4 protein chains.
Amino acid sequence: MSAPKKVVLAYSGGLDTSIILKWLQTEYGCEVVTFTADLGQGEELEPARAKAELLGIAPENIFIEDVREEFVRDFVFPMFRANAVYEGLYLLGTSIARPLISKRLVEIAEAVGADAVAHGATGKGNDQVRFELAAYALNPDIKVIAPWREWDLSSRTKLLEFAEANQIPVAKDKRGEAPFSVDANLLHTSSEGKVLEDPAVMAPDYVYQRTVHPEDAPNEPEFIEVGFEQGDAVSINGEAMSPATILTKLNELGGKHGCGRLDLVEGRFVGMKSRGIYETPGGTLLLEAHRGIESITMDRGAMHLKDELMPKYAELIYNGFWYSPEREMLQAAIDASQTHVTGAVRLKLYKGSATCVGRWSDHSLYSEEHVTFEDDAGAYDQKDAAGFIQLQALRLKLIAMRNKRVK
Amino acid sequence: MSAPKKVVLAYSGGLDTSIILKWLQTEYGCEVVTFTADLGQGEELEPARAKAELLGIAPENIFIEDVREEFVRDFVFPMFRANAVYEGLYLLGTSIARPLISKRLVEIAEAVGADAVAHGATGKGNDQVRFELAAYALNPDIKVIAPWREWDLSSRTKLLEFAEANQIPVAKDKRGEAPFSVDANLLHTSSEGKVLEDPAVMAPDYVYQRTVHPEDAPNEPEFIEVGFEQGDAVSINGEAMSPATILTKLNELGGKHGCGRLDLVEGRFVGMKSRGIYETPGGTLLLEAHRGIESITMDRGAMHLKDELMPKYAELIYNGFWYSPEREMLQAAIDASQTHVTGAVRLKLYKGSATCVGRWSDHSLYSEEHVTFEDDAGAYDQKDAAGFIQLQALRLKLIAMRNKRVK
Amino acid sequence: MSAPKKVVLAYSGGLDTSIILKWLQTEYGCEVVTFTADLGQGEELEPARAKAELLGIAPENIFIEDVREEFVRDFVFPMFRANAVYEGLYLLGTSIARPLISKRLVEIAEAVGADAVAHGATGKGNDQVRFELAAYALNPDIKVIAPWREWDLSSRTKLLEFAEANQIPVAKDKRGEAPFSVDANLLHTSSEGKVLEDPAVMAPDYVYQRTVHPEDAPNEPEFIEVGFEQGDAVSINGEAMSPATILTKLNELGGKHGCGRLDLVEGRFVGMKSRGIYETPGGTLLLEAHRGIESITMDRGAMHLKDELMPKYAELIYNGFWYSPEREMLQAAIDASQTHVTGAVRLKLYKGSATCVGRWSDHSLYSEEHVTFEDDAGAYDQKDAAGFIQLQALRLKLIAMRNKRVK
Amino acid sequence: MSAPKKVVLAYSGGLDTSIILKWLQTEYGCEVVTFTADLGQGEELEPARAKAELLGIAPENIFIEDVREEFVRDFVFPMFRANAVYEGLYLLGTSIARPLISKRLVEIAEAVGADAVAHGATGKGNDQVRFELAAYALNPDIKVIAPWREWDLSSRTKLLEFAEANQIPVAKDKRGEAPFSVDANLLHTSSEGKVLEDPAVMAPDYVYQRTVHPEDAPNEPEFIEVGFEQGDAVSINGEAMSPATILTKLNELGGKHGCGRLDLVEGRFVGMKSRGIYETPGGTLLLEAHRGIESITMDRGAMHLKDELMPKYAELIYNGFWYSPEREMLQAAIDASQTHVTGAVRLKLYKGSATCVGRWSDHSLYSEEHVTFEDDAGAYDQKDAAGFIQLQALRLKLIAMRNKRVK
């Protein structure tokens, strides 16, 4: 790979990406463009602008954007249509944000004539894969720089020395090492590493950042209604809201009731297992509500097929294959199942749990007429069941007869 | 089908199966053998004996058995190895009990020379299918009598008239109709029908029978440890227990903390949707614990395959295909994955939720050495990730180049 | 089910459906509307009109249509996009025609105000299921009459007696029983029953009807080129043709070279196994050609997903679930994979085999630059493979280390 | 990776692996042990011994083994139980041999105290992955040396110079470059590269090495019978044979009739597409025969599950994951399906095609009694089909009613 001339860096404004910014300048002598996105991580973006300027980035090379609506509408919601969970439990909060960041990095690179993009993910994690696969899928000629895999700043001490040597301001509270590593966006906050590295040891309380402890949550349950149209949430308690507003509101509600905490050991794409603490308050409510509305509006055949496809779909997102033909094929199948997923769901939030306790829809497939224990006025002829069972059983009988014969 | 001569009836001792007993005698003039099983439903079995005798069953034709250990060991545990949930949520508590009952019915029929078995499931539900597919798979020549599909006792009034006309004692509290229908065994209690038939309306509190309301659960969390060997739970808090004892104990713990309630609309095999309230306190703890121990002892490749196979496996059990070659094939695959699923898990039980907060095992695949944020002493070469990503990306790049070319 | 008042009958003009026509009139006293479709079965349709008139059907109640283009465009081609084969071998020639017939039956019923449709499939086969599931899916209120399941005309003698008693002309060669049963359309001819019922015995030569014996095929191979656009065949040897014309031409070519014969024992949806002789000359060429064009234009990720979905898709079509949400979901996924399946394929036809011997496309993903054994000018860095393998191997190494430790 | 001290090399005796042998000695100064296996590639092994000795390998460091029976029994046959084909067509002849070679390399390394193994696969292909994943899975501490990824002998000229400089004898006919690259074993011969690199161009006749041209095959078909026990071939024309003997005989028969040629463009695991010419004469017969015997002895439920699992299974073998928990899980499922796959099949071999024309078994599930068009003496009640269809249709009707309502 020839040396990059102009690099778009995913820049948070924090110490690490500031070091990367400087390192790109000094190592490659290349022009750096910064991209700072508001994905709902809950941090001010303007300090990133100031810091970039301080580090010598020209104003026209500083891109700061609020992408929250795009994030929820085009990434989070499509994923939730699939009820995607990785390894049974993880709601993919980090995984789903990476393709959007890469998409904007590549778009900005094309707009400013940059030949490379750079990210601050380490060589041990999944994020490097997600950033890079997305970038290459969107622009096969782009270069991707991953400084953590290249440089020799392999300890905290070396990083701080580099910062000082390059006039990068280091906040006092960043001098010591953080007790764990955090990633956050509108969908979730993840924490991992260091104090969390022993999976036998319960995560300390201070790790949790956006959900109250279930023990501290209100003593009374709260009931909310989530409205859906074609598989996507569109309202809370009858009030229509934009995608990002809905997720923000669900986060608030879930966080207040201690919902959506997860302590997980997961298998990384790069081969080892890692332990993460995830907080996905709004997503947890959304998944429960989406399953609830599907339960009355989606046919069994469609639902079971979706359930069979989901693990593969979740794995693709986890592994960074958002922009792959197979993810798009699965998305087409999933989206085709959502036409009638319209209606509303009542959730009960209480001390860490969110449970569906009611659901209704004009598109309902639930037929009280058919299912009733009472007289069904001929909607269903119980005698049909005899024939149904006989033919379902026929192959099993043939097997049993055979097995008797040859045993 | 020619008329049965001797029928083994799945007999609970309750009013409905007593009416069936009498109806079999009067309708077919056949000898009736009763089979009453203790599956952990929490009812005394001896009254069933007395009642059967009262209805004229000869003592040698009354079979009463405690099958709880067999139930958990040979049915519940193998199913939990798969982390089986139907339609994302249902733990299959009723579904998994039916094959065992059919198995014993068929075995008793063979032992006493009966040519038929009979059950009390209605023509609208899944249970008729489960009973009958299992029976036919185990004995292709057996006749299965399903009185609810045959007789014309289609209302409560007619049933009571039949009971009175045939000297079947009717308890006072059975004169009125139950407000909903219940099935129970060691794994779960299910309630459905009548007051539960509108899925928009929250289930009334009195429906729940073996779990306290989360609001009434203890205000302090309780931590327990569940030990596993080769995928099956073997101990609680370090104390080794038999399968049924473990499930009983987990039920007690889960019930006390309000765990394992589920309000679900599900797609029945016979074609309509129904709404059920399920309480699976011990099973809910077991599933969380099993996933926890798998998370450190099972490789990603095995786990993701299991996750992909699970929906099909759960569907087979739900639909009554326990004794089918495809369920046995899936079981072989699942069992092959459990060799190293040995270790222990810590669960936190609190106000309706059961969450894994720690897990450890001599068989762990988690390698702190590999995953650490600290110096890993060369266990993992971050530069390998560059090659890994390049080759993962190659096909995506080739697609992107093609798409640019032909657009 | 109340008696039908006006029935649309799938009418071939042959003896069996003429008997059904009469039986509907006499049994139900209902008005009969006939629908006769040209699906490419190679029979004149006008005799069916004359015969229907003879049996008293009013001219406005006789519907005769050429649906060959619709059949290939909307049913056969979408199915071939999936490379669908049932139980590894069967190209679904009968299965795929049934939904179209049901669709037209239901549409005509709605147009003429009929409340029922009727078909001539027996109670042992798959076709009854396919006809009826499609009809019910398209009109849930329609009645479906299946005379073979209702009447007592259970022997050839009784059928002929009924025909004579009702002035139905019986051709001389129909007096004896056919030695096997045949179904034909533009995609295939199937033969089954009677002389074919012993699966150990080779099918006699006279069973085959639209393919020459490979031994009698030309001694020289013939090479043809099939052009594709977005997954569908659009030309042969460079000449653009309509869907039905292409399939007709492929049938001619395949039939001449003895291609597309299949002798299969298959598992019917109704539970037993049956043996069929299938001739699908054009379809066999089409499948080979489609796979060939996919091989250079479709990415591995998409192709492997398609391969995994295919058996389920084929099963749905075989079982009669063309009009089901899950078939539509799978179709959406499959169609999404065909955007770039454009190009051409060269087939060699010789003595019963059709093999792809060349393929080319502007949409090709094949990169000689990458794959070459010669100098690739840096397109591919072989050293990347080392990192790729290391990370692929990591989880296997961790397993091996664990297994050593705990053995 | 520290330098290896003692390396076990997969040694063919040919020029390339002789160069590798020497390069290992000169580059690493390490002791080299050679392993030469008879996998049925059809070459004498003793010349490899002489050549190794000539290159200075001590006699006790030369391992020459006939592993044909192990290859067929433990690798080929288990794979054929699955009817495994990669991307619809490829019988995995190269893929399945690699794990066995790695297994012996690792076992010999452990026996002789070597710390490394080496292979002659290039950095662009799948074989490097297969060799190395197998080696690491069997011994996580082993080093694997892949000289083609390390050295700078990147042209034919450089290789020959190295050979000459190191006194490696070069046969005259090896001075020029081979027109394509070949791999062979008892299951297949593959050819790729160079003259085959343009997938539009038909492979020249001289590429094919173990099958006659269909045009040159006998003008009369030949019929053979293949006997199976529990899924594995055990006899030909009634004569019991060992696994390798059967495959050898099938190769002879298939080769004589021009069966088993395949011209394929496939997706490599390392990301690019490549074109290969495969000849798998015996395997092609075996696959057809195995499908034939399964068709009467295996239940539909088991078969369809197998068909769904197969693409994943084939992909795992292709990608080199033979020794992975997920392949072992799938194998357990597949093997569980083969208990009754016992009986015999008649194949017709003619001018390039092998087709099953008859099959019989004591374990047959085919019931002429059930399927017959004649009177079935009550084996099957056609009226059952009505109930079967009604309940299969119920969910489709509910969908149709809903869709009408909300449209």
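These questions and answers concern a predicted model.

Colleague: Is Thr372(B) buried or exposed?
Modeller: Thr372(B) sits in the loop between helix H12 (368-371) and helix H13 (382-406) of chain B. A residue counts as buried when its relative accessible area is under 20%. Thr372(B) has 9% relative accessibility, so Thr372(B) is buried.

Colleague: Which residues of chain A is Thr372(B) in contact with, leaving aside its neighbours within four places in sequence?
Modeller: Contact here requires heavy atoms within 4.5 Å. Once the neighbours within four places in sequence are left aside, the partners of Thr372(B) include Lys124(A) and Glu197(A).

Colleague: Which residues does the UniProt annotation "binding site" cover?
Modeller: The annotation comes from an unreviewed UniProt entry.

Colleague: Is Thr122(A) buried, exposed or partly exposed?
Modeller: Thr122(A) lies in the loop between strand S4 (116-118) and helix H5 (127-138) of chain A. Values between the buried limit of 20% and the exposed limit of 50% count as partly exposed. The relative accessible area of Thr122(A) is 31%, so Thr122(A) is partly exposed.

Colleague: With which side chain does Asp127(A) make a polar contact?
Modeller: Asp127(A) is in helix H5 of chain A and is buried, with a relative accessible area of 16%. Leaving aside neighbours within four places in sequence, Asp127(A) is in contact with Thr94(A), Arg98(A) and Ala121(A). The polar contact, at 3.0 Å, is with the side chain of Arg98(A).

Colleague: What area do chain A and chain D bury between them?
Modeller: The size of an interface is often given as the accessible area lost when the parts come together. Here 29 residues from chain A and 29 residues from chain D take part in the contact. Carbon and sulfur atoms carry 62% of the buried area, which is about 2500 Å².

Colleague: Which residue of chain D forms a salt bridge with Arg395(A)?
Modeller: The rule finds two salt bridges across the interface of chain A and chain D. A salt bridge needs a side-chain nitrogen of Lys or Arg within 4 Å of a carboxyl oxygen of Asp or Glu. For Arg395(A), the closest N and O atoms are 2.4 Å apart, and the partner is Asp299(D).

Conventions:
Residues are numbered from 1 along each chain as its sequence is written. Chains are lettered from A and ligands numbered from 1 in the order in which they are written. This is a predicted model: local features need pLDDT of at least 70, side-chain atom pairs count only at pLDDT 80 or more; totals for chains, interfaces and linings use all residues. Side-chain values use heavy atoms; hydrogens and water are left out. Helices (H or I, at least four residues) and strands (E, at least two) are DSSP runs, numbered from the N terminus. Buried means under 20% relative accessible area, exposed over 50%, partly exposed in between (1.4 Å probe, protein chains only). UniProt positions are given in the numbering used here, feature names are shortened, and annotations may be inferred rather than shown by experiment. A polar contact is a pair of N or O atoms within 3.5 Å; within protein, one must be able to donate a hydrogen and the other to accept it, and residues adjacent in sequence count only if both atoms are side-chain atoms. Buried area is the accessible area (1.4 Å probe) that two parts lose on being put together, summed over both.
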